[in-house]
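Let us walk through this structure together, one part at a time. Please keep the sequence and the 3D view open as you read.

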Amino acid sequence: MDALVRELQRAVGSRYVLSRPQELLVYEYDGAVERALPGVVAVPGTAAQAAQVVAIARRHGLPVVPRGAGTGLSGGAIPIHGGVLMPMTRLNRVLEIDPLERMAIVEPGVVNIDISKAAEPYGLRYAPDPSSQKACTIGGNVAENAGGPHCLAYGVTTNHVMGMEIVLADGTLAWVGGRNHELPGYDLRGVLIGSEGTLAVTTKVAVRLQPVPEAVTTILAIFQDEDDASAAVTAIVGAGIVPAAIEMMDRLTIQAVEPAIHAGYPADAGAVLLVEVEGLREPVAEESEEVQQVCYRHGATEVRVADDPTLRERLWAGRKTALGALGRLAPNYYLLDGVVPRTKILEALRRIREISGEYALPIANVFHAGDGNLHPCILFDERMPGQTQRSREAGGAVLRTCIDLGGALSGEHGVGLEKQEYMELSFSEADMDAMARLNPAFGAGDTFNPGKVFPTGASCVELLQHPAIARLGVDAFV
Amino acid sequence: MSSAVSPAELVPALEGRGVPLATDAAASFAIAGVRPLAVASPTTVEELGAALAAASELGAAVVPWGGGTRQGLGLPPSRYHLALDMRGLDRVLAHEPADLTVTVQAGCTVGALQGALGGAEQWLPVDPPLPDRATVGGTLAAGIAGPLSAGFGLPREMVIGMRAVLPDGTVVKSGGNVVKNVTGFAMDRLHVGGLGTLGVIAEVTFKIVPVPRKEATVVAGFPTPHAAVEAYNAAAANGLPIIAAEVLSPGNTSEVAGVRADGWALLLRVAGRPSAVERAIDASSAACREHGAKLGDLAEDSVSAALWDRVADLGWLDAPPAITMRIAVPPSRGPEAAELLRPHRTGALIALNVPRGVVRWADPSGGLDMSAGAAVGLVKGVGTELRHQIAAMGGSLVIEGWDRGHGLDPWGPPGDAFEVMRGLKEQYDPQGILNPGRYVGGL
């Protein structure tokens with residue numbers, strides 16, 4: 001270990017190598033439920049240093065776990081097999097913005113929202129907006145193929161990343177993709193995005209930028225009944241409107257939110273929809289009108305509309321503080337990330353209510369309705385015997401429901417440690433074997449983030465109070 | 001795994017597994033004069049898997065074949081025993097208009113798929129040449145993108161799920177039916193643009209979009225491609241709903257597209273709600289005028305759509321041209337690349353996709369005598385000087401319709417991570433039976 005530490009110190013500077021137990025503790029968790037201590041932490045300041053760290057770890061037969069801001073919810077940054085944890089947060093420069101080509105080259109430790117801030121003077125922005133965008137890094141977004149509320153119209157990370165500079169397991173640096181839009185050869189960029197840091201480490205990212213819309217209108221609609229709100233979602237899309245975002249909160253969430261922020265939701269409200277339309281002024285006005293009409297036709301009891309930033313922020317307030325407010329109802333929760341086809345939302349919510357009854361645990365739903373990405377939140381109290389285990393079983397039942405309805409285990413949080421044992425619900429052994437063969441193709445071996453994504457048959461996880469959530473506030477996450 | 005596979009082995013092996021064979025069809029599946037020993041015409045994914053399993057057992061080399069329009073891409077195969085005619089897998093399996101998703105078999109043509117979606121006022125914004133021949137699987141495997149990629153991104157951006165068959169016949173799935181999904185690795189990305197060298201695409205699930213309520217095309221003529229691109233940049237800065245923007249070289253390119261414009265023609269396709277389209281027409285026309293252009297006739301709705309069918313088809317009209325090139329440079333270097341290409345063959349068609357920096361080049365004569373002086377000059381020019389100039393801009397040049405005999409790599413240098421690409425080939429096609437020797441770096 002001493003030789004390793006010395007080599008790492010030579011590579012990145014002694015200040016940036018942490019090996020004392022009290023220093024390592026900070027890095028034992030992310031936004032997920034599991035914890036594990038790294039053997040040593042090395043924080044590179046350049047891409048070349050990151051490559052050196054990888055080469056050193058490899059020589060010592062140790063894995064490297066890359067880490068962004070640690071906001072991930074599936075355990076992607078947990079060094080489950082110890083080794084070298086490599087935070088990428090010193091690599092935090094916006095290297096270039098090209099307003100004509102509408103692209104930027106940034107280092108992986110740049111915080112998501114800072115790309116949009118840097119692009120703002122040119123009237124541009126980076127579209128994917130995970131709810132943790134004020135904290136999460138673009139490198140982590142690439143690893144997890146992160147989404148966000150506004151991915152309905154614009155797509156997720158993979159649709160906006162043109163290329164990356166990466167470190168391969170042998171310590172070499174290479175570009176995959178780039179500012180050239182059509183390089184010949186396999187789309188290595190495409191398979192690396194969402195590979196959860198298991199194949200390579202990202203050291204630069206070329207992202208696509210898009211114009212900041214001229215007009216944005218937010219519509220908040222209150223329904224007495226969840227089913228009506230679900231039907232309204234289908235009807236909006238069915239009318240040929242693809243809003244930038246369609247978000248939904250269910251009855252239980254509203255009951256938690258109202259006393260917390262006094263948004264003025266009626267006590268008997270069954271569901272709240274938030275719809276955002278954006279683009280040129282004229283079509284935005286028309287779409288806003290049409291969305292309001294669809295909501296009224298589907299039984300909305302009240303519709304509020306705002307088009308200036310302050311008022312829009314006020315309409316979003318309930319949604320943005322929803323998870324925090326759920327803390328008023330129970331001390332712990334288990335947050336899921338299943339997806340169903342958007343036409344199956346109604347059915348999914350009905351079955352989730354049944355599961356809630358069956359396991360005698362309340363389940364709140366606050367989610368990206370437009371693309372069917374549910375975030376069921378199972379409320380429990382770990383001090384009550386059996387509740388932790390029951391919440392986990394209820395979570396499994398919800399994920400099975402999503403798969404039964406033609407959906408997927410994860411829309412934006414990733415598989416990581418959290419859902420690896422559920423992969424078999426979605427994929428056959430042959431499917432997973434094909435995925436696993438990417439590892440030898442990249443020459444990765446056990447070098448990067450081992451023990452993630454694929455089932456091990458051994459995972460038995462204690463649900464804990466999320467430390468990262470305690471740090472950042474829960475609403476930084478969905 | 002020698003190349004000594006005989007029809008006496010291959011045909012019974014396929015028949016034994018119940019694979020439908022097209023007899024006497026080998027001539028229509030010849031590549032560079034080489035005919036396959038057999039042509040399999042699977043109509044189900046199981047039959048497709050059986051055909052590949054049989055080939056794999058014998059070490060027979062396989063060429064997956066959709067509409068056959070892009071068989072000129074890459075070198076001819078180094079070995080060739082079995083053609084896999086995918087056109088029997090042509091069904092639209094599920095179209096859920098309210099989900100904006102469709103699942104389709106790979107052998108369905110792009111045109112037939114658009115027809116099936118059109119009833120619900122939806123479409124897949126993917127526009128290869130010859131859409132009534134080009135199949136969904138072939139278009140994806142060949143990595144073909146048309147003018148619509150300016151507004152919607154590459155076809156790969158629309159793919160949300162895929163079933164592919166590996167060379168040993170194993171059927172594997174990635175992604176799913178939902179528009180947002182990060183469960184498992186995005187294996188579909190390897191097959192899109194992979195030219196069927198790692199597996200054969202069997203079924204694809206796409207996210208789709210509503211057909212715009214209105215569309216129009218602004219046409220303007222400019223003295224140089226640089227001026228045309230500056231006008232585009234001015235128009236695009238307003239966030240207008242421009243779904244395609246191409247610059248066509250003077251003369252015959254505009255004629256082929258059926259537009260009248262002096263000099264280099266800038267074509268801006270705007271689409272959306274009528275109110276958005278009206279404003280986009282006004283603002284982009286003004287931007288063109290301010291940059292010294294003479295405006296051509298405005299094309300609206302079906303006239304505009306038909307115009308773009310011709311632009312997407314550029315030079316392909318009835319049959320694939322003898323030689324085409326695809327040059328991709330950082331978008332700001334696009335006009336420079338378009339001008340560099342002009343002297344290389346007078347009368348060639350040149351179209352620049354402005355926001356993507358991709359130039360399509362086609363020989364319009366429908367057949368270039370490869371022994372003639374002009375062809376030799378082109379080979380020399382492309383193989384050395386032009387490719388170097390493009391590479392110096394950070395670009396790449398792919399030439400299609402090439403013959404092994406000319407000793408030129410149609411793909412150019414494979415980039416930084418070629419060892420990983422080689423690793424992928426070793427992992428997924430260790431016997432090297434899928435399109436052997438055709439792909440980047442000789443994979």
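Predicted model: local features only at pLDDT ≥ 70, side-chain atom pairs only at ≥ 80, totals over all residues.

We start with a pair of strands in chain B: strand β7 (residues 159-165) and β8(B) pair in the antiparallel sense over five bridges. Strands here are DSSP runs of E with at least two residues, helices are DSSP runs of H or I with at least four residues, and both are numbered from the N terminus. Two strands are said to pair if DSSP finds at least two bridges between them.

Residues are numbered from 1 along each chain as its sequence is written, and chains are lettered from A and ligands numbered from 1 in the order in which they are written.

Back to our two strands. B:V165 has B:V171 of β8(B) as its bridge partner. Together β7(B) and β8(B) make a hairpin with five residues between them, and in the turn B:G169 has a positive phi of about 95 degrees. β8(B) is largely enclosed by the rest of the structure, because five of its five residues are buried. A residue counts as buried if 20 or more other C-beta atoms lie within 10 Å of its own, as exposed if 12 or fewer do, and as partly exposed in between, with C-beta atoms placed from the backbone.

Chain B holds another hairpin. Strands β4 (residues 92-96) and β5 (residues 101-105) of chain B run antiparallel and are joined by four bridges. B:E96 stands opposite B:T101 in β5(B). Four residues lie between these strands, and B:L100 takes a positive phi near 55 degrees in this hairpin.

Now step back to see chain B as a whole. Its secondary structure comes to 13 helices and 19 strands. The C-alpha atoms fill a box of roughly 70 × 55 × 40 Å, taken along the principal axes. Buried residues make up 60% of the 443 residues in chain B. One of the buried residues is B:A236, which counts as such because it has 20 C-beta neighbours inside 10 Å. You will find B:A236 in helix α7 (residues 225-236) of chain B. B:A236 and B:A283 are 47 residues apart along the chain, and their C-alpha atoms are separated by 9.5 Å.

How many residues of chain B are in contact with chain A? There are 65, and they touch 70 residues of chain A; two residues are in contact if their C-beta atoms, placed from the backbone, lie within 7 Å. Several elements of chain B each supply at least two residues to this side, including β8 (171-175), where we began, and α9 (274-290). α13(B) gives the most, with six residues.

Let us cross over to chain A and its helix α8 (residues 226-238). This helix has 13 residues and reaches 18 Å from its first C-alpha to its last, close to the 18 Å expected at 1.5 Å a residue; the expected span is 1.5 Å times one less than the number of residues. Among the buried residues of α8(A) are A:A229, A:A232 and A:V233. The buried residues of α8(A) pack against elements of chain A that include β12 (215-223), β14 (271-279) and α10 (281-297). After α8(A) comes A:G240, whose phi is positive, near 80 degrees.

A:L273 is in contact with A:A229, A:A232 and A:V233, among others, leaving aside its neighbours within four places in sequence. A:L273 is also one of the residues that touch the most other members of the largest nonpolar core, which has 304 residues. Such a core is a set of buried Ala, Val, Leu, Ile, Met, Phe, Trp, Tyr and Cys residues joined through C-beta atoms within 7 Å.

A:R102 lies in the loop between β5 (94-98) and β6 (103-106), and A:A360 lies in the loop between α13 (345-358) and β17 (363-368). Phi is near 50 degrees in A:R102, a positive value in a residue other than glycine, and A:A360 likewise has a positive phi near 50 degrees. A:R102 is partly exposed, with 19 other C-beta atoms within 10 Å, whereas A:A360 is exposed, with 11.
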